[in-house]
Protein chains: 2
Amino acid sequence: MITLWELKGRGGRPYSSFSWRTKMALRHKGLDYDSVPVPMSDKAAIAFSGGKTVPIIKDAQDGETRVIRDSWKIAEYLEEKYSDRPTLFGGAIGKGFAFTYNTWADRVLLPAMMPVIVADLYERIDPSDEAYFRQVFEGFLRSTLEEARERVPRAKERLSKILEPMQATLKRQPFVCGQMPAYGDYILFSIVQWARIASPQDIFNNSDPLHLWRERMLDLYDGFARNVPVA
Amino acid sequence: MITLWELKGRGGRPYSSFSWRTKMALRHKGLDYDSVPVPMSDKAAIAFSGGKTVPIIKDAQDGETRVIRDSWKIAEYLEEKYSDRPTLFGGAIGKGFAFTYNTWADRVLLPAMMPVIVADLYERIDPSDEAYFRQVFEGFLRSTLEEARERVPRAKERLSKILEPMQATLKRQPFVCGQMPAYGDYILFSIVQWARIASPQDIFNNSDPLHLWRERMLDLYDGFARNVPVA
């Protein structure tokens with residue numbers, strides 16, 4: 001039995017971007033799990049993991065319990081431990097590419113998405129997180145959340161440029177990983193789903209390849225990612 | 001027997017970026033080839049291919065001759081035709097990721113590298129190409145080559161930012177494709193090698209993960225890519 005710790009949003013909104021990588025990976029592998037949502041500021045609740053961030057999974061079976069934290073390490077663990085189930089990486093080259101893509105997503109795409117949605121997200125976090133959230137994200141942004149909201153139009157332009165190669169890719173193949181979704185798609189989706197849950201703004205136009213790809217992602221696993229509380 | 005059409009530079013400099021993808025892929029597969037360098041402006045020399053750009057390969061064996069153009073299509077062809085040799089993609093997911101990475105490289109990295117090296121490259125092309133080159137690249141740049149040279153410091157700053165996620169990736173794994181080089185590495189290398197042949201400028205610092213990766217790439221296949229005329 002697998003337990004997942006993820007972030008607790010207002011009204012049950014499961015907004016943790018990195019946890020979506022893990023959740024889609026678990027569905028890809030056909031693995032069930034129990035979710036434990038915790039406020040972002042409640043570090044005591046996840047101290048058992050040895051770290052300060054979600055996602056964390058606990059995998060208890062056959063008398064052995066493993067705790068793994070960090071979405072990348074969890075993906076590596078699931079791929080190795082459940083190697084008889086559908087592959088996340090498709091072998092060594094696919095895993096290497098996934099790491100490369102993960103690094104781009106974390107260092108380029110996620111910081112470009114954040115200023116677009118952060119002020120909206122603030123209104124949808126657990127109320128106990130408000131002071132902590134403001135401190136963390138205003139430090140990152142070097143501005144107040146209110147100033148960030150004023151700069152959204154410019155942030156959206158920048159985000160569009162960052163996403164342009166993904167629009168071009170998904171115009172010509174249905175998924176980041178080719179003809180079928182795999183871990184690369186879950187990396188990109190995690191950031192797009194974060195935006196969908198955090199903000200009522202339209203990030204895409206309806207004719208965008210990224211919009212159509214997101215629809216395909218939301219349809220996966222019986223609408224697993226579609227049927228959650230969103231902005 | 002395989003024949004490759006690529007660009008002809010001054011003093012035999014093999015500067016075509018896209019052709020380096022094909023050449024590294026051929027070496028990866030352990031395939032020999034004969035090179036036919038052609039000036040960029042000599043479209044008649046490659047009209048047989050049905051297109052206007054290199055690389056083009058002709059693969060003649062067992063009474064059958066195939067002509068393939070476009071580096072991506074050539075990689076697909078080599079992977080399928082020579083499937084018993086070392087893999088370029090490592091399967092469907094790796095191929096999907098390679099296409100995604102190829103799209104990023106062509107639409108983001110290559111246009112960021114170009115203004116850094118284009119004025120230097122102009123001095124190293126075949127003399128018969130000078131007017132054509134100026135027309136094509138000044139159109140792309142929307143400036144003269146001389147103006148582009150003045151803007152090199154700013155172009156280098158921009159390039160550094162674009163390359164940052166690759167620096168971070170290659171700090172933590174030796175190749176774009178993981179533990180061993182594969183087609184993703186040849187995509188990135190093609191643009192780095194283009195710069196190395198076109199320009200005497202140092203694009204990297206000696207301690208950069210990208211510099212160390214480039215050294216590993218230049219060592220491959222008995223220094224295949226190292227031992228060519230460079231800037």
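Helices, of at least four residues, and strands, of at least two, are DSSP runs numbered from the N terminus. The model described here is predicted. Chain A and chain B bury about 2300 Å² between them, and the structure holds one cavity of 30 Å³ or more.

**Contact between the chains**

- In the contact between the two chains, 29 residues of chain A meet 29 residues of chain B.
- Of the area buried between chain A and chain B, 70% lies on carbon and sulfur atoms.
- A:Ile93, A:Phe97 and A:Phe99 supply 30% of the area that chain A buries against chain B, more than any other three residues.

**The cavity**

- The volume of the largest cavity is about 160 Å³.
- Helix H3 (92–122) and helix H6 (152–172) of chain A, together with helix H3 (92–122) and helix H6 (152–172) of chain B, each supply at least two residues of its lining.
- From chain A, the lining of the largest cavity includes A:Phe97, A:Thr100, A:Tyr101, A:Trp104, A:Pro165 and A:Met166.
- From chain B, the lining includes B:Phe97, B:Thr100, B:Tyr101, B:Trp104, B:Pro165 and B:Met166.
- By class, ten residues of this lining are nonpolar and two are polar, while none is charged.

**The sheet of chain A**

- In chain A, four strands form an open sheet in the order S2-S1-S3-S4, with mixed pairing.
- Strand S2 (33–38) and strand S4 (64–69) of chain A are the edge strands, each of which pairs on one side only.
- Neighbouring strands of this sheet are turned against each other by 15° on average, direction ignored.
- Four bridges link strand S1 (residues 2–7) of chain A to strand S3 (residues 56–61) of chain A in the antiparallel sense; A:Leu4 has A:Ile57 in S3(A) as its bridge partner.
- Helix H1 (residues 17–28) of chain A packs on the sheet and touches S1, S2 and S3 of chain A, its direction making about 150° with that of S1(A).
- Helix H2 (residues 71–81) of chain A lies across S3 and S4 of chain A and runs at about 140° to S4(A).

**The sheet of chain B**

- An open sheet of four strands in chain B has the order S2-S1-S3-S4, and its pairing is mixed.
- Its edge strands are strand S2 (33–38) and strand S4 (64–69) of chain B.
- Strand S3 (residues 56–61) of chain B is joined to S4(B) by six bridges, and the two run antiparallel; B:Asp59 stands opposite B:Arg66 in S4(B).
- Helix H2 (residues 71–81) of chain B packs on the sheet, where it touches S3 and S4 of chain B.

Note on methods. Residues numbered from 1 in each chain as written. Chains lettered and ligands numbered in written order. Predicted model: local features only at pLDDT ≥ 70, side-chain atom pairs only at ≥ 80, totals over all residues. Heavy atoms only, no water. 1 Å grid on protein atoms, 1.4 Å probe; cavity = no way out; pocket = protein on both sides within 12 Å on 5 of 7 lines; lining within 4 Å. Points joined across faces, edges and corners; volume = space filled by probe spheres on them. Nonpolar A, V, L, I, M, F, W, Y, C, P; charged D, E, K, R; others polar. Pairing = 2+ DSSP bridges. Contact = heavy atoms within 4.5 Å. Axes fitted to C-alpha atoms, helices over the stretch in contact; angles between N-to-C directions. Buried area = accessible area lost by both parts, 1.4 Å probe.
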